[in-house]
Amino acid sequence: MTSLLDYQPHWFVQGLIVAAVVWTFPRLLNYLRAHVRPFSRRIRHRHLIKARRISSSAALMGDQAARTYTFQAVFLLSCVVFVFGFIAGPVFLSSSGGVRVGLFLLATPIYVFEFIYLNEFNLYKSALRRRIRIERCMYNQRFKSTALPGRGLT
């Protein structure tokens with residue numbers, strides 16, 4: 001009797017778990033597609049509006065470039081602080097929580113500053129592309145009016 005009670009059908013439980021995952025994965029994926037896509041479109045729309053506003057003025061472009069490279073410097077500085085903290089090791093991280101918690105807390109700002117820097121850089125790159133396109137159109141408009149008739153340029 002004890003041998004029957006000790007028997008645990010691992011394969012049966014694993015099969016049920018795999019079947020449940022296989023059954024729920026496509027449904028979960030469809031749910032996420034339906035609910036995340038409008039959110040990502042709204043974020044992209046806000047990003048393009050910001051890029052349009054920034055690219056309309058040379059002063060705003062300079063401010064955005066300064067913001068982008070300031071965040072890059074802060075990100076690199078946080079990386080350097082992390083490396084020095086990692087080199088110092090237990091002397092620097094002698095907390096009651098342990099070295100792993102200290103390293104995690106020391107590394108968290110790196111990811112935050114990297115995320116901010118990448119967002120700012122992406123915005124600056126979009127605004128710069130738009131600004132170049134605007135100036136190219138303005139340049140072409142200026143020389144279209146002085147083109148000679150009959151040359152195909154009107």
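How do the residues of the lining of the largest pocket divide into nonpolar, polar and charged? Three are nonpolar, four are polar and six are charged. In this count Ala, Val, Leu, Ile, Met, Phe, Trp, Tyr, Cys and Pro are nonpolar, Asp, Glu, Lys and Arg are charged, and the others, Gly among them, are polar.

This is a predicted model, in which local features need pLDDT of at least 70, side-chain atom pairs count only at pLDDT 80 or more, and totals for chains, interfaces and linings use all residues. Residues are numbered from 1 along each chain as its sequence is written, and side-chain values use heavy atoms, leaving out hydrogens and water.

**The two pockets**

A pocket is an open set of points on a 1 Å grid over the protein atoms alone, with protein on both sides within 12 Å along at least five of seven lines; lining residues have an atom within 4 Å of a point. A volume is the space filled by probe spheres set on the points.

| Pocket | Volume | Residues from H2 |
|---|---|---|
| Largest | about 340 Å³ | seven residues |

The largest pocket is lined by 13 residues, and Ile43, His47, Lys50, Asn119 and Leu123 are the closest to its centre. H2, helix H3 (58-88) and helix H4 (99-144) each give two or more residues to that lining. Helices here are DSSP runs (H or I, at least four residues), numbered from the N terminus.

The second largest pocket is lined by Arg44, His47, Leu48, Ala51, Arg52, Ser126, Arg129, Arg130 and Arg133. H2 and H4 are the elements that give two or more residues to this lining. By class, it has two nonpolar, two polar and five charged residues.

**Serine 126**

Serine 126 sits in helix H4. Is this residue buried or exposed? Serine 126 is buried, because its relative accessible area is 14%, and buried means under 20% (1.4 Å probe, protein chains only).

**A nonpolar patch**

Phe12, Val13, Leu16, Ile17, Val21, Phe25 and Leu29 make a nonpolar surface patch of about 670 Å². Patch residues have over 30% relative accessible area and no salt bridge, and nonpolar side chains are joined within 5 Å. A salt bridge puts a side-chain nitrogen of Lys or Arg within 4 Å of a carboxyl oxygen of Asp or Glu. Accessible areas come from the Shrake-Rupley method with a 1.4 Å probe.

Isoleucine 17 belongs to helix H2 (residues 10-55). Isoleucine 17 counts as exposed because its relative accessibility is 51%; the cut-off for exposed is over 50%.

Conventions:
Patches are made of residues with over 30% relative accessible area and no salt bridge: like charges are joined within 9 Å, nonpolar side chains (Val, Leu, Ile, Met, Phe, Trp, Tyr) within 5 Å. On a 1 Å grid over the protein atoms alone, a cavity is a set of points where a 1.4 Å probe fits but cannot get out, and a pocket is an open set with protein on both sides within 12 Å along at least five of seven lines; lining residues have an atom within 4 Å of a point.
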